[in-house]
Amino acid sequence: MITAKAIVTDGKGKFALDEVRVGDPEANEVLVEIRASGVCHTDFDSMSWGKPCIMGHEGAGVVLQCGAGVSHVQPGDRVLLNWAIPCGDCFQCRRGAENICEQKPTVPTERFEHRGQPIGTSFHLGTMASHAIVPRQAVVKIDVEISFPSAAILGCGVMTGFGSVVNAARVERGSSVVVLGAGGVGLSVVQGAVHACAGSIIAIDLNPNRLNLARQFGATHTIQAEQDDTGLLRAAEKVRELTGRGADYAFECTAVPALGPSPLAMVRNGGCAVGVSGVEEVVPVDMRLFEWDKRYINPLYGQCRPSVDFPVLLSLYRQRRLKLDEMVTRTYPLSGLAQAFEDMRRGLNAKGVLLPV
């Protein structure tokens, strides 16, 4: 075992930087020295999951050791980590839906020790640490020149937003797209819409700083939302003014549960609304928003297929067709997570990233 630095939450709203013990990799496992870990709203939410864990689920680093059965990477390789870890053999994986694998490989909690007790890892990764041991299927080799912070954010926010456009909604060339929320995921939706050659891309947010970022990443129009605009219905009227009848596609990226149904108000009859944030609670829905022939889809992780999608994203970055460096607004040491959360809450960053080493 090795001693690592890690951010540990008690599951009751608190976290602390502490030491943990991490086991050696066994069969089909990889030990990674984490060089960068993204910070997102899910990390904040993980502090209230009711159980202690090592935080973090966006990461990139260097392979230190490989267990038996690992052949696609070797010590010294630069890698990024994928949290929706596919087994490759269950019903969903066989049909190509690797993001909703039914038998996700994991590393047992007994392999991690905090103050003499086993401890789990967030999304079976635990990237807010100097080291992580993960299933081999969680590891994707990096074969382009890219910084670790830029690579780390691919592993959740970028894949979720970009994949929701390209894999899930399959946005058509020349179509109109609305993006609700211009944080890291929303900016990735904007970039996905640019890649899909959308005709117009309308970003909506309360924060003017985020709307400025959206324009830099490819939004053709912006609408500043109003705090008292329930369900963003007034913003939807402005969308209809811009598009004539409503957008072809609308993506909810706000992480505000009450706005889960809001993309339905933005799309035309027969349009497609996409819940990107993954709202996981009961919210009221006015069924009239579905009139007429509208679809609402709720993809997980942009329907990611790690071995297919990450090489594509890395290639787009290499071709300068995917902005990642520009998304990393600020980096922090592990001890700076509280400030990173505060900056995220205030909408100051496109993405904040921790540098464990």
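Student: Is Tyr301 buried or exposed in this structure?

Tutor: This is a predicted model, and in it Tyr301 is buried, with a relative accessible area of 2%. Tyr301 sits in the loop between E17 and helix H8 (306–318).

Student: What is the phi of Tyr301?

Tutor: Phi is positive there, about 55°, although Tyr301 is not a glycine. Arg320 also has a positive phi without being a glycine, with a value near 65°. You will find Arg320 in the loop between H8 and strand E18 (328–333). Arg320 counts as exposed, at 79% relative accessibility.

Student: Which peptide bond is cis?

Tutor: Look at the bond from Glu291 to Trp292: it is cis, with omega near -5°. Trp292 belongs to the loop between strand E16 (267–275) and strand E17 (295–297).

Student: Now the helices, please. How do H3 and H4 pack?

Tutor: The general idea is that two packed helices are described by the angle between their axes and the distance between the axes. Here, helix H3 (residues 148–169) and helix H4 (residues 184–195) pack at about 40°, and their axes are 7 Å apart. That angle makes H3 oblique to H4. Their crossing is right-handed.

Student: Which residues make the contact?

Tutor: From H3, they include Gly157, Phe162 and Val166. From H4, Val185, Gln191 and His195 are among them. Sorted by class, the contact has 7 nonpolar, 7 polar and no charged residues.

Student: Where should I look for charged side chains, and how many salt bridges are there?

Tutor: In general, side chains of opposite charge can pair when their charged atoms come close. This structure holds 13 salt bridges. One of them joins Arg115 and Asp18, whose closest N and O atoms are 2.8 Å apart. Arg115 lies in the loop between strand E7 (112–114) and strand E8 (117–118) and Asp18 in strand E2 (residues 15–22), so this pair ties together parts that are 97 residues apart in sequence. Arg115 is exposed, with a relative accessible area of 69%.

Student: What does Arg111 pair with?

Tutor: Its side chain meets that of Glu26 in a salt bridge, 3.8 Å from N to O. This pair also links distant parts of the chain, 85 residues apart. Arg111 is buried at 12% relative accessible area, while Glu26 counts as partly exposed at 48%.

Student: And how far apart are the closest N and O atoms of Asp228 and Arg234?

Tutor: They are 2.6 Å apart, in another salt bridge. Asp228 counts as exposed, at 56% relative accessibility, and Arg234 is partly exposed, at 38%. Elsewhere, salt bridges that share partners join Glu26, Glu29 and Arg111 into one network.

Terms used
Residues numbered from 1 in each chain as written. Predicted model: local features only at pLDDT ≥ 70, side-chain atom pairs only at ≥ 80, totals over all residues. Heavy atoms only, no water. Axes fitted to C-alpha atoms, helices over the stretch in contact; angles between N-to-C directions. Helix = DSSP H or I, 4+ residues; strand = E, 2+ residues; numbered from the N terminus. Parallel < 35°, antiparallel > 145°, perpendicular 65-115°, else oblique. Left-handed = near helix turned anticlockwise from the far one by under 90°. Contact = heavy atoms within 4.5 Å. Nonpolar A, V, L, I, M, F, W, Y, C, P; charged D, E, K, R; others polar. Buried < 20%, exposed > 50% of the residue type's maximum accessible area, 1.4 Å probe, protein only. Salt bridge = Lys/Arg side-chain N within 4 Å of Asp/Glu carboxyl O.
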